[in-house]
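Please keep the viewer open as you read.

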Amino acid sequence: MKNILYVILEQWADWELAYLSSAVNMLGQGKFENKTVSLTKNAVTSIGGIKCLPDYDLQTVPSDFDALILIGGMSWHNDNAMQVKSLIDACIKSGKVLGAICDACRFLGSIGALNGAKHTANDLNKLKQYSAYANEQGFIHRQAVSDNNIITANGTATLEFAREILKALSVASEEQINGWYDFHKLGFYTAPMPKIE
């Protein structure tokens with residue numbers, strides 16, 4: 001079974017985790033396991049007021065995982081977010097899938113983690129404020145970008161972000177993934193029903 005780790009900090013964006021994790025479970029047919037990671041094992045509260053008890057803290061997180069997904073939210077600006085850097089560095093070094101959405105992209109830029117890949121984020125100008133960020137030419141004005149196993153998306157691209165991660169992990173066939181995306185993006189009466197076997 002493949003393991004996907006979702007990093008959630010206080011005031012994490014519920015919807016960014018919900019679309020992706022549910023698609024992994026629905027399309028992945030039991031081949032993937034979703035696990036949450038935070039700074040401690042204490043409950044973290046989402047923007048929507050949902051409390052989640054993380055599966056792991058940074059001391060107990062396993063080194064054997066297939067993807068590390070940084071869920072956006074209101075705490076990536078806080079100094080304690082820096083504690084996640086070593087986990088991100090290990091992910092990049094091992095060539096595993098690394099995903100970040102919304103303000104988590106800015107965080108990746110602030111630690112230099114976007115310097116080796118094409119990417120997007122909420123705001124290029126915010127990335128350029130960090131001395132560790134040195135890849136303005138790699139910034140693409142698109143909802144979601146996947147390059148070198150690094151997947152980034154702006155804060156309005158929850159579905160596009162999920163689609164790129166599902167494809168990077170080969171959770172299902174491309175046809176199934178695109179069907180899932182179309183169904184959620186276009187709506188019940190417009191999109192064809194996705195094929196879930």
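## Salt bridges

Arginine 163 forms a salt bridge with glutamate 164, their closest N and O atoms lying 3.9 Å apart; a salt bridge here is a side-chain nitrogen of Lys or Arg within 4 Å of a carboxyl oxygen of Asp or Glu. Arginine 163 counts as buried because its relative accessibility is 19%. The scale behind that word is simple: buried means under 20% relative accessible area, exposed over 50%, and partly exposed in between, with a 1.4 Å probe and protein chains only.

Before going on, a word on the source: this is a predicted model, in which local features need pLDDT of at least 70 and side-chain atom pairs count only at pLDDT 80 or more, while totals for chains, interfaces and linings use all residues. Residues are numbered from 1 along each chain as its sequence is written, and side-chain values use heavy atoms, with hydrogens and water left out.

The structure holds seven salt bridges. The table gives three of them.

| Pair | Closest N to O distance |
|---|---|
| Arginine 163 and glutamate 164 | 3.9 Å |
| Glutamate 160 and lysine 185 | 2.9 Å |

Glutamate 160 and lysine 185 form a salt bridge at 2.9 Å. This pair links distant parts of the chain, with glutamate 160 in helix 5 and lysine 185 in helix 6, 25 residues apart.

## The chain as a whole

The protein chain has six helices and eight strands. These are DSSP runs numbered from the N terminus, with helices (H or I) of at least four residues and strands (E) of at least two. From the N terminus on, the order is β-α-β-β-β-β-α-β-α-α-β-β-α-α.

Its C-alpha atoms fill a box of roughly 45 × 40 × 35 Å along the principal axes. The radius of gyration is 16 Å, which agrees with the value near 16 Å for a compact globule of 197 residues; the radius is taken over C-alpha atoms, and the globule rule is 2.2 Å times the number of residues to the power 0.38. Buried residues make up 52% of the 197. Of the contacts (heavy atoms within 4.5 Å) between residues at least 6 apart in sequence, 58% join residues at least 24 apart.

Which residues have the most contacts inside the largest nonpolar core? They are Leu20, Ile69 and Leu166, in a core of 33 residues. Such a core is a set of buried Ala, Val, Leu, Ile, Met, Phe, Trp, Tyr and Cys residues joined through side-chain atoms within 4.5 Å. Elements that give two or more residues to this core include strand 1 (2-7), helix 1 (14-28), helix 5 (158-168) and helix 6 (174-186). Apart from neighbours within four places in sequence, leucine 20 contacts Tyr6, Ile69, Phe161, Ala162, Ile165 and Leu166. Another core, of 32 residues, lies apart from the largest one and has Trp76, Ala81, Ala104 and Ile111 among its members.

Helix 3 is mostly covered, with eight of its eight residues buried. These buried residues pack against strand 5, helix 2, strand 6, helix 4 and strand 8. Just after helix 3, glycine 112 takes a positive phi of about 80 degrees. Glycine 112 sits in the loop between helix 3 (103-110) and helix 4 (124-127) and is partly exposed at 21%.

## Loops and surface

Two other positive phi values belong to residues that are not glycines: asparagine 148, at about 55 degrees, and asparagine 149, at about 65 degrees. Asparagine 148 is exposed at 54%, while asparagine 149 is partly exposed at 34%.

Finally, methionine 74, in the loop between strand 5 (67-70) and helix 2 (85-94), counts as exposed at 55% relative accessibility.
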